[in-house]
Amino acid sequence: MKILLHTLLLFCSFGIWAQQSPVNCDLAIPGCATPSFPITGTQPAYNTVDFTSGSVSNPSSNPNGSPGNSGCLLSGETVSTFITINVVSNGTLAWSMIGTQGGCFDWIMWPNTNGNACAGINGNTLAPVSCNWNGSCNGNTGMAPSGNLPPGGSQSSYENPLTVTAGQSFILCLSNYSFTNQNVNLNFFGTAQVVCGVSAADQTICLGNSTSVTIATPGYTNPSFNWLVTTAVANPSAGTTTVNPTVTTTYSVEVTQPAMGTTPALVDTATFTITVVNPPAPNAGPNQTVCLGQVIHLTGSVGSPTNTANWQAIVPTGLVPAATAAFSPNFSSMTPNVTVNQPGVYKFVLRETSTVCGIIRDTVVVTVSQLQIAAATTNPVCNGSSDGTITITSAGASEYSFNNGVTWQTSNTQGGFVAGTYTVCARNTLGCQKCTTATLTNPPLIVMTVANDTTICQNGTATLWALATGGATYSYHWDHNPALVAVTQVNPSVNAYYPVQAQTDLGCWSNKDSIYVMMNPVLSAIMSPDAFTCPGYEDSILVSASGGIGAPYTFTWTTGQTDVGTESQLNDSPLTSTTYSVTINDVCETTPITISGIINAYPVPVPQIAIDMTPKCEPAVFTLFNTTDPTLSQNTIWRISNGDEFIDLNSLTTSSMMNGTYDVQLIVTSPDGCIDSTTFTDTLTVMQTPVADFKWSPDPITMFNTQVLFTEYSLYANTYEWSFPGASPNSSTNDDQTVLYPDGQTGTYYVTLIATSYLGCADTVTKEVVILPEVIIYAPNTFTPDGDEFNQTWRIYIEGVDEFDFELQIFNRWGEVIWESHDVNASWDGTYNGQLVPQGTYTWLVRTRELISDKKYVWNGSITLQK
């Protein structure tokens, strides 16, 4: 039924807002704790406001967004009662409005900031902070937490509480939708304090803190304030100021509103108390030092038994595993036992919590000590000795034990230990003890090995060595040598024993051993009988060896031949009878032996020749003579490298030879049949005829650069004769010659060079020298093709260019080509397409290349054609 009525009233409400009576906040009923005030079904003059539904002041959605009904007031709800609500302490604003006879109570609540709510409500510019359109019309509505409604309350008729601060003010409009006549009770039950007259809330602060006090002045529009008690008041004339008393203090503030028109002045006094309490005084107890593994006994106390207190542990960081602290029975006990798992500095914070002063802390520092222990050992010097030592290192330790805590001493080092494992301990003045093991190891036995027994040769040296293990450094005691070395050498002449024993630098001895050295026999050899041969023919002698270390033997002959084995044969063809010696060595130090043998040689001819003359110019013919000792020259053979061969001639004439050198070989056989041959290398020389040649620079020569250097490039010549017709000078005998041709003239000249060798052989060469023109261009600027005999055509005069790469174009003033030629000698007659062109100026363009360098040229200019 209410939903239908809402719709009908909304339809009729659009013209009502303009006629509504303005809200008069001065006539609003003050909202106090549990007041009882009447409401009627009639319409008093100040209760006729109609807020159009959906307007700013009466939205159709709930601005609080809480679980109550969604709307605010219906259009046409004009039976309204206005109530002021003044907050004097922080907290939650919760209230209920309960009628004695039930009914539908809709309501809207606006903020009354600086007392300006009425202006915003009347101007339809102030949005409400909360509202409710009753879902259950039982005369029970308000703001309350969900699940904690007043008896008989319905969630659809209640909105969530607001969080408010001291000094806030609100305007509440209650609509009597049911038009009932009854009394209504308004009850505030949130944590925020609400008052009717001038007042301020009592407060409790912690000693040393300050608090803000706001004087509530409901119904006052422009009050003034006079603090009658000003102890620790920041501003004694302000309605909101800060106070910080050091003792509990009751304050009185006189509030005055001056007279307004016929309204007399209002004076009231607000009285309130600021209670000052002392802060908590927790005591965590004295700092401690304990050993790791001992229980930490904490002895804390608090300032007030009504305060809550507990412990907080701050453990060392960066440890593996992470440090932990466990409380027994729990961390809320003032005397807990704490166990930790790591050494380090622990802080235990006792926190006492007061509802007024908050948390106050006190800290006890507990140092958990753990000894670190390390044992360094010095092993017995020799295997089986009892001179080992143990040194204990433990920072902070005061006593040390080397027998697992049986006895203690202040020195951390003790000696006299044999090899073995020992339990050693350290402890400090707190009684913290830490043990570890120390192991002493027997050094290895000193074991000596020696070289094998050996056999050496005569004069040989035996290298004897001994090698000890089990120590660091050693000295070796040989019976035959006072030097304490590991390696020694002996040169016995008979078989012998050599004893030795090793000793370490620490005085430890090894076993004793010896080396036996034996001798090999001396060397011997047998040589074969002497041999006979012709020079140039091979014969041999043979030697065999025995004794020493045995084969293989090294045979070294005076000829340089070397053989290895049990025997050696020398093959040679000496020119004269020769004695050959051989030295025999074995691979040992045995004294070498030397033995000799002879190869007898018959006389050998020595070929000798004579030549009529050399060198000669080509073609050449030579006469040769055999000048060998006639008594040794019975037969001859001549061979010349040009192919000539002669037999049994003592003189001969060669065939004709050309340029080059030639070898002559003479083979001579003696009456004993001994043959010798000599090749006379390059003994015949034939000189080549010279080859004349020359070059010149510059090349090419141009008509304005006619000074020319001629350089000879002849072969096989040493004198030169030049001929330069037309030049200055016109002849020369120099190797190279500079000449000057006529300047500015082109032409062709012939230069001749005669090259002569030191034997008088000559060669002649003649070359054509051309002097070329340089690039010159001349272009007339006017011609008159008027039919007379003068100046009828126009052409370019040009020299020094490539005639086969030439282009000439003539353009009219519109850029059109009217004549073109690729002939350097061509002339233009002034016509285009067979017609004489008009009188005027024309442009020409030449493209060509230089004859000498192939350089590109582009020229242009103008021609004036006159008739």
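A residue is counted as buried under 20% relative accessible area, as exposed over 50% and as partly exposed in between, with a 1.4 Å probe and protein chains only. By this criterion, Lys-767 is partly exposed, at 23% relative accessibility. The structure is a predicted model, in which local features need pLDDT of at least 70 and side-chain atom pairs count only at pLDDT 80 or more, whereas totals for chains, interfaces and linings use all residues. Residues are numbered from 1 along each chain as its sequence is written, and side-chain values use heavy atoms, with hydrogens and water left out.

Salt bridges were assigned where a side-chain nitrogen of Lys or Arg lies within 4 Å of a carboxyl oxygen of Asp or Glu; the count under this rule is 8. In one of these, Lys-767 is joined to Asp-693, with 2.7 Å between the closest N and O atoms. The two residues belong to distant parts of the chain, 74 residues apart: Lys-767 is in strand 63 (residues 762-772), and Asp-693 is in the loop between strand 55 (675-687) and strand 56 (694-697). Strands here are DSSP runs of E with at least two residues, numbered from the N terminus. Asp-693 is partly exposed, at 25% relative accessibility.

A further salt bridge connects the side chains of Arg-847 and Glu-807, at 3.5 Å from N to O. Because Arg-847 lies in strand 71 (residues 840-850) and Glu-807 in strand 67 (residues 801-811), this pair ties together parts that are 40 residues apart in sequence. Arg-847 is partly exposed, with a relative accessible area of 38%, while Glu-807 is buried at 18%. Arg-849 forms a salt bridge with Asp-854, the closest N and O atoms being separated by 3.8 Å. Both partners are partly exposed, Arg-849 at 22% relative accessibility and Asp-854 at 44%.

Rings of Phe, Tyr and Trp (its six-membered ring) are paired if their centres lie within 6.5 Å, and the planes count as stacked under 30 degrees apart, as edge-to-face over 60 and as tilted for the rest. The whole structure contains 23 such pairs. The rings of Tyr-474 and Tyr-476 have centres 6.3 Å apart and planes at 45°, so this pair is tilted; Tyr-476 is buried, with a relative accessible area of 5%. Tyr-741 and Tyr-749 likewise form a tilted pair, with 4.5 Å from centre to centre and 45° between the planes, and both residues are buried. A cluster joined by ring pairs comprises Phe-694, Trp-696, Phe-710, Trp-722 and Phe-724.

A charge was taken to sit over a ring if NZ of Lys or CZ of Arg is within 6 Å of the ring centre and within 35 degrees of the ring normal. Lys-767 lies over the face of Phe-694, at 4.9 Å from the ring centre. Lys-695 is placed over the face of Tyr-713, at 5.0 Å from the ring centre.

An open sheet of 5 strands shows mixed pairing in the order 41-47-46-43-44, two strands being paired if DSSP finds at least two bridges between them. Strand 41 (531-533) and strand 44 (562-565) stand at the edges, each with a single partner strand, so one side of each has no neighbour in the sheet. Strand 43 (residues 553-557) pairs with strand 46 (residues 578-585) in the antiparallel sense over 4 bridges. Trp-557 has Val-582 in strand 46 as its bridge partner.
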